[in-house]
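Open the model in your viewer and keep the selection tool at hand. We will go from stop to stop, picking residues and looking at what surrounds them.

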Amino acid sequence: MMPQKFKGSLKPNFIASLKLRQRLAFRLALAMIGSMLIGVVIIATSQYLGQRFYFQSLAPEVQARITLLRSRSTGEENFHSFVSMMKRSTLRGITITSLLVLFIAIYFAKKLAEPIERVTKASLKVAQGDLATRIKPVQGASLEVLSLTENFNKMADALERYEAERKDMIASIAHDLRTPLTAIQIRLEALKEELIPFNQSEVDILLAQSQLLGRLVNDLRTLSLADAGKLSLNLQKLNFAELLDEVLKNYQLKAEHQGVHIKRNMPDKTLFIKADAQRMAQVLGNLLNNAFEAMPQGGELKIAVQQIDRELELSIADSGAGIEVDLLPQMFQRFIRGKDKGGSSGLGLAIVKTLIDLHHGSVKASNGPQGAVFSFKLPLFGELHS
């Protein structure tokens, strides 16, 4: 239910929207009549000044004859009758024109106000939480009205989609936070009741769950800072091959334990990028974690680096089962079930895309001959031949 204060704030806007057509008609009529009166004044002034200038441009004898004719009684009466007739004609013209302008103003006000009223009423429904509200296009409407209707519907679509994603994300966060917390709580209660022995194995299990919880919190913080535009980058010139070697050192034991063979294909020349070393290491780590989790025992991991035009491209291909076709377009969205497995927070690939975007690069997911292939491109800072 909507708070009473919020409802009250919408009521005056709704009442005002009902009078929109009348207000618009009055303003249009006032503007058109005002423009017409200004035109009449300008025309009358122009005629008067034109007559004066024309009279003064005549020869003196002609001016004298005209003045003599106007001084006679018959000429004076005819002149005043002519002036009165002109005034009455002008007044009748102004009256008829004003009524016509008022009719035209009401007609155009109806045409202009109707779509605005529909958008106003629809926007009020959206403000009240009815995100499914849409405006039906009116046949024969102007291009401006159709554009307004289309843009409103696009906005409503985006709001409805964002709201659904927000609810899904909250549910996913609650689920992922609850899983390690529940595991920690159950094992601690069992240790307290002495149902299981307190040994190094139990400590390792509790530590692993707490580390998973910490990774999730850190991942959420990274994404929230990026969304708020507050994720700062310490950009510097980096030798990409050296950065990759440093990251791969941390996966040597993991590769030996899983029997994974890492095959690298590097260019003959040194490629440099302008990037944040810590964040790029995080990108590489997330991609490698994802690859190791997807591969079976004794798999093969292919890492290739190459230069394409003025960009560096890295691809990581695993020998796993690949990516489901329906998941490919969603691989870098947050909390998409099925893309991150094992001890992942479900945000690893979303962080990869966010960080690559911040470095003005692009990222892609596809299926290769054997498994999944993740690749990204970054602009080169420079290059030096070995």
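What follows is a short tour of selected residues in this predicted model.

**Stop one: strand 7**

Start by selecting residues 372-384, which make up strand 7. Within this strand, pick S375. Is S375 buried or exposed? Its relative accessible area is 13%, and since buried means under 20%, S375 counts as buried. Now show its surroundings: setting aside neighbours within four places in sequence, S375 is in contact with L314, S315, S362, V363 and K364.

**Stop two: the aromatic pairs**

Next, bring up the aromatic side chains; the structure holds three aromatic pairs. For one of them, select F240 and F376. The ring centres of F240 and F376 are 6.4 Å apart and the planes stand at 75°, so this pair is edge-to-face. Colour by element and you will see that the pair links distant parts of the chain, with F240 in helix 7 (residues 240-249) and F376 in strand 7, 136 residues apart. F240 is buried, at 1% relative accessibility, and F376 is buried as well, with a relative accessible area of 1%.

Then move on to Y251 and F292, an aromatic pair that is stacked, with 5.7 Å from centre to centre and 10° between the planes. This pair too links distant parts of the chain: Y251 is in the loop between helix 7 and helix 8, while F292 is in helix 9 (residues 277-294), and 41 residues separate them.

**Stop three: charges over rings**

Select K237 together with F272: K237 lies over the face of F272, 4.7 Å from the ring centre. Then select R161 and Y162, where R161 lies over the face of the Y162 ring, at 5.3 Å from its centre.

**Stop four: a patch on the surface**

Finish on the outside. Which residues form a nonpolar patch on the surface, with about 330 Å² of accessible area together? Select Y48, L49 and F53 to see the patch. To place L49, highlight helix 2, which covers residues 20-57. L49 has a relative accessible area of 38%, so this residue counts as partly exposed.

Conventions
Residues are numbered from 1 along each chain as its sequence is written. This is a predicted model: local features need pLDDT of at least 70, side-chain atom pairs count only at pLDDT 80 or more; totals for chains, interfaces and linings use all residues. Side-chain values use heavy atoms; hydrogens and water are left out. Helices (H or I, at least four residues) and strands (E, at least two) are DSSP runs, numbered from the N terminus. Buried means under 20% relative accessible area, exposed over 50%, partly exposed in between (1.4 Å probe, protein chains only). Contact means heavy atoms within 4.5 Å. Patches are made of residues with over 30% relative accessible area and no salt bridge: like charges are joined within 9 Å, nonpolar side chains (Val, Leu, Ile, Met, Phe, Trp, Tyr) within 5 Å. Accessible areas come from the Shrake-Rupley method with a 1.4 Å probe; for residues, only the protein chains shown count as cover. A salt bridge is a side-chain nitrogen of Lys or Arg within 4 Å of a carboxyl oxygen of Asp or Glu. Rings of Phe, Tyr and Trp (its six-membered ring) pair if their centres lie within 6.5 Å; planes under 30 degrees apart count as stacked, over 60 as edge-to-face and the rest as tilted. A charge sits over a ring if NZ of Lys or CZ of Arg is within 6 Å of the ring centre and within 35 degrees of the ring normal.
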